[in-house]
Amino acid sequence: MQTGRNQQVAVVGAGPRGTSVTERLISQWSALPDGQRQRLDIHLIDPELPGPGHVWRPDQSRLFLMNTPSLFPSVVPVGRAADGLVPSVVDRSFNDWRTEMTTAPAPSLSSGDREELARLGGSDFPSRALYGRYLEWIYQRLVAHCGDGITVTHHATDALKLTREATGFRVDLADGAALAADAVVLSLGHLPAQLNPEQDALRDGAARHSLNYWPPAVPADIDWNRIPARKPVLVRGLGLNFFDVMIQLSEGRGGHFAPDEAGQLQYHPTGREPLLIAASRRGVPYRAKAQLDSYLPRSVSLRHCTVAALRSFAGQGIRPGFDHDIWPLLHRDVLGTYYATLARGAGDRPADPDAFLARLHAALDVTGPGWTSALEMLLAEEMPGAHRLDVEGLARPFAGRRFADAQEYQDAVLAFLDADVDESIRGEDSPLKMAIGAMNAGRTVIKTVVADGGLTDQAWMSELRGWFEPLVEGLASGPPAVRIAQLAALARAGVVRFVGPNPQFTIDGGTGRFVASSPWVDGEEASASHLVDAMMPPNRAEDSLSPLLRQLLEDGLVRARVMMSEDGAPVTSPGLDVTLPPYRAIDGAGRAQPNLYVIGLQLASVQWGTAIAAEAHAPADAGGRTLRDADGIAAAILANGRQPTGS
């Protein structure tokens, strides 16, 4: 039986995070004894399809790939992620679903879905459209599971205003309706944002000179047909969004890739492609992921940057810094992995690899700064000819190097791309890719420990987010190796050219064109009438153009978190201010807001890496962190609404 009146829950945003909250509410509610169940109405508010939301729409181009393999993501707890949690009523990770749909396709699958599933393996990278189909399937199964006493209603519109009332909240919708809610969950995801001053200047200049400027956007939202064939197009950014631009304007225009007789990938154009002239601060794209049969390399085992080691600071009453306390531990593991992989391979391996590994671990175990000199002494003796790994220098492959002209730089980038593909193909045998794998493994550990105030404000802003995040993103968050191979093929075919490091993008008032140049590459500037900012809108609450979030900030129902810089000056951080889990919003007066919860990207001030999906089969407090967040919010909502039998 159910007790009392219906409990009303509004989940604003029906993408993956909103779906996880919905799943946890349904699974936890279903597991309650009959006498403790209060009738529950869940209202999902999103103009997009529930499950996929905006970013993962199943109708988008299948050329847009995820940057994690099939075996990685899950929107519900499965395996180790379910340890200690109420079991899910729909316990399928993406890979579980992929396997099931391959053998017993659901009627809702399109012909494109079926074709992709037929060729997709666990280590392959699925399209975002197919992942969106998985999210849609999960949502539909959740709704189908709901029996007497629980309902899920999708409102295909936007939430425009949230007002606190005596008994809860009023949610005003764009379609003119209004909902009463006992609890509200803000799972807003990616939102449109104000342009920064440089982008503003490019947009305004484009309007004055009749140029075409595409600001940061979700790639599936752009009408790529507006970009003309055979014309130069400047592309700012060589991160993940760049590969969406690249593939949509090449293979998406009918071209195709095929290996030549030597096995090197070549691009066969149609003549409908533009000339892409790309640039970024580091001058090269994100490095490709290694080709593995697991998410993290099986050969990587962290010895220093462990959860126990990082949590020991709190046990000693220390609030650690990143540069002084955490990075030296991870740095040891990255270098240790690199030289251990080098030692077991061909080339500069030591005479006795086992003895070398023992001495390597001993050198890295030296306390204090002396470990670096101990390591160098060992390498000088055992591996004098081996390449020394400069971890931080990996982000600046051309640092301090000047190029005589654009062609010299083009050749250098092409050599970099080919070498990166070769290293990815080597997989577990690549010292470089295994070192990056160790960094990625350390990132997961660090994310677990530094959340919710585990670092000083200064360390969070200027160290972790200031230099380490760009480093690890560029090394460990790159595309599958095929995208780097395709970029190299496009460069050889003359479809893509590169400007150089630290580029400047301006508008030449005399010619009325966009221009791009690098201080490290001599020669003429690149110019075009079209410029694409290949990046997502920034995730900053105070810069958001969302009517709902702006209203919440203006009315003081929520506030952005303020941190203190090293010199004591207050700095507004990107995310909202929240309590410790289950992340109740804090209002403008500093008060925790009962029954108003935040999950996902807007937690950027208390969590690091909020955009990364939950990892299937990972512990709920590590790779499955977003699932634990959803679980905590659902538990708090249900506990608040629970009434004793007969009340």
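Two strands are said to pair if DSSP finds at least two bridges between them. Strands, in turn, are DSSP runs of E with at least two residues, and helices are runs of H or I with at least four residues, both numbered from the N terminus. In this predicted model, local features need pLDDT of at least 70, side-chain atom pairs count only at pLDDT 80 or more, and totals for chains, interfaces and linings use all residues. Residues are numbered from 1 along each chain as its sequence is written, and side-chain values use heavy atoms, with hydrogens and water left out.

The confidence of the prediction comes first. The pLDDT, the predictor's confidence in each residue on a scale from 0 to 100, has a mean of 94 for the protein, and 98% of the residues reach 70 or more. Over residues 643-647, however, the pLDDT is below 50, although this stretch has eleven contacts in the model beyond near neighbours in sequence; contact means heavy atoms within 4.5 Å. Where pLDDT is low, the predicted coordinates should not be read in detail.

The strands may be considered next. Strand β8 (residues 183-186) pairs with strand β22 (residues 592-598) in the parallel sense, over three bridges. Within this pairing, Val185 has Tyr597 of β22 as its bridge partner. In a regular strand the side chains alternate between the two faces of the sheet. In β8, Ala183 and Val185 point one way while Val184 and Leu186 point the other way, and all are buried. Buried means under 20% relative accessible area, exposed over 50%, and partly exposed in between, with a 1.4 Å probe and protein chains only.

Six bridges join β5 to β6 (residues 168-173), and Thr163 stands opposite Arg170 in β6.

Another open sheet of three strands has the order β15-β16-β17, again with antiparallel pairing. Its edge strands, β15 (504-508) and β17 (526-528), each pair on one side only. Neighbouring strands of this sheet are turned by 25 degrees against each other on average, direction ignored. Three bridges connect β16 (residues 513-517) with β17, where Ala516 stands opposite Ala526. Helix α5 (residues 197-208) packs on the sheet and touches β15 and β16, and its direction makes about 25 degrees with that of β15.

The nonpolar interior is described through its cores. A nonpolar core is a set of buried Ala, Val, Leu, Ile, Met, Phe, Trp, Tyr and Cys residues joined through side-chain atoms within 4.5 Å. In soluble globular proteins, nonpolar side chains tend to be buried together. The largest core here has 51 residues, and Phe322, Tyr339, Leu389, Met439, Ile446, Leu464 and Phe468 touch the most other members. Elements that give two or more residues to this core include α8 (322-343), α12 (431-450) and α13 (457-476); the largest share, twelve residues, comes from α8. Leaving aside neighbours within four places in sequence, the contacts of Met439 include Trp327, Leu330, Phe468 and Leu471. A second, separate core of 47 residues includes Leu117, Leu130, Tyr131 and Cys146.

Thr372 is found in helix α10 (residues 370-382) and counts as partly exposed because its relative accessibility is 41%. A polar atom of its side chain lies 3.0 Å from the backbone oxygen of Pro369. Such a polar contact is a pair of N or O atoms within 3.5 Å; within protein, one must be able to donate a hydrogen and the other to accept it, and residues adjacent in sequence count only if both atoms are side-chain atoms.

Ser546 is found in the loop between β18 (530-533) and α15 (547-555). With a relative accessible area of 9%, Ser546 is buried, and a polar atom of its side chain lies 3.2 Å from the backbone nitrogen of Leu549. Ser250, in the loop between α6 (240-248) and β11 (256-259), counts as buried at 0% relative accessibility.

How values were computed:
Axes are lines fitted to C-alpha atoms, for helices over the stretch in contact, and angles run from 0 to 180 degrees between N-to-C directions.
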